[in-house]
Amino acid sequence: MSVFYFVAFLAIFFALMTIFTKNPVHSVLYLVITFFTLTIHYILLNAQFLAVVNFIVYMGAIMVLFLFVLMLLNLNEETEPMKSNLVKTMGAIAGMCLIATFLGAFRVIEPTNELVAGNAEIGLVKNLGKVLFKEFLLPFEISSILLLTAMVGAVLLAKKDIKKA
């Protein structure tokens, strides 16, 4: 249990470093470390498939893409817009909602959950597939349509206009 608490502390620490770091490249690198700690959490919870997917998809693809985009944008402090008081207020409200959610989750959580302790096959791919395609089929399909829409939008935004001379 001490490994869990240590990795949880590291995940929270690097998540906070992601938020509070001024340099965007360092922020992305801290987010990669945060995803790695979440992969360790999946392994500790006996969810090997989710750990591998988190490692490959998030750390290997999406975060490297974020890092390349940030490096290609060549962001300077002069180009960064000043944040208005409305944005700061909304951020503070969102932070308080997150803290309220954490407090509610810690209040409900039970360290001796019989469902998790009694079922050794809880993180297997077969069980994940059954739950995903029976109970959560509609949200799964909606998320695939959302990803397809985002991909088409990214292609349309990246497409260069051909100027006729």
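Which residues does the UniProt annotation "transmembrane region" cover? According to that unreviewed entry, the annotation covers residues 6–21, 28–45, 51–73, 85–106 and 136–158. The structure examined here is a predicted model, and two of these spans can be followed in it directly. In residues 6–21, 94% of the span is helix and 0% is strand, with the end C-alpha atoms 22 Å apart. Residues 136–158 are 96% helix and 0% strand, and here the end C-alpha atoms lie 33 Å apart.

A pair of aromatic rings is described by the distance of the centres and the angle of the planes. The count comes to 7 aromatic pairs. F9 is exposed, at a relative accessible area of 53%, whereas F13 is partly exposed, at 38%. Ring pairs also bring F14 and Y30 into a cluster with F9 and F13.

The next helix to consider is α2, which comprises residues 24–44 and contains T37. Is T37 buried or exposed? Its relative accessible area is 3%, and because buried means under 20%, T37 counts as buried. Leaving aside residues up to four places away in sequence, T37 touches V7, L10 and A11.

Terms used
Residues numbered from 1 in each chain as written. Predicted model: local features only at pLDDT ≥ 70, side-chain atom pairs only at ≥ 80, totals over all residues. Heavy atoms only, no water. UniProt positions renumbered as here; feature names shortened; annotations may be inferred. Helix = DSSP H or I, 4+ residues; strand = E, 2+ residues; numbered from the N terminus. Phe/Tyr/Trp six-rings, centres within 6.5 Å; stacked < 30°, edge-to-face > 60°. Buried < 20%, exposed > 50% of the residue type's maximum accessible area, 1.4 Å probe, protein only. Contact = heavy atoms within 4.5 Å.
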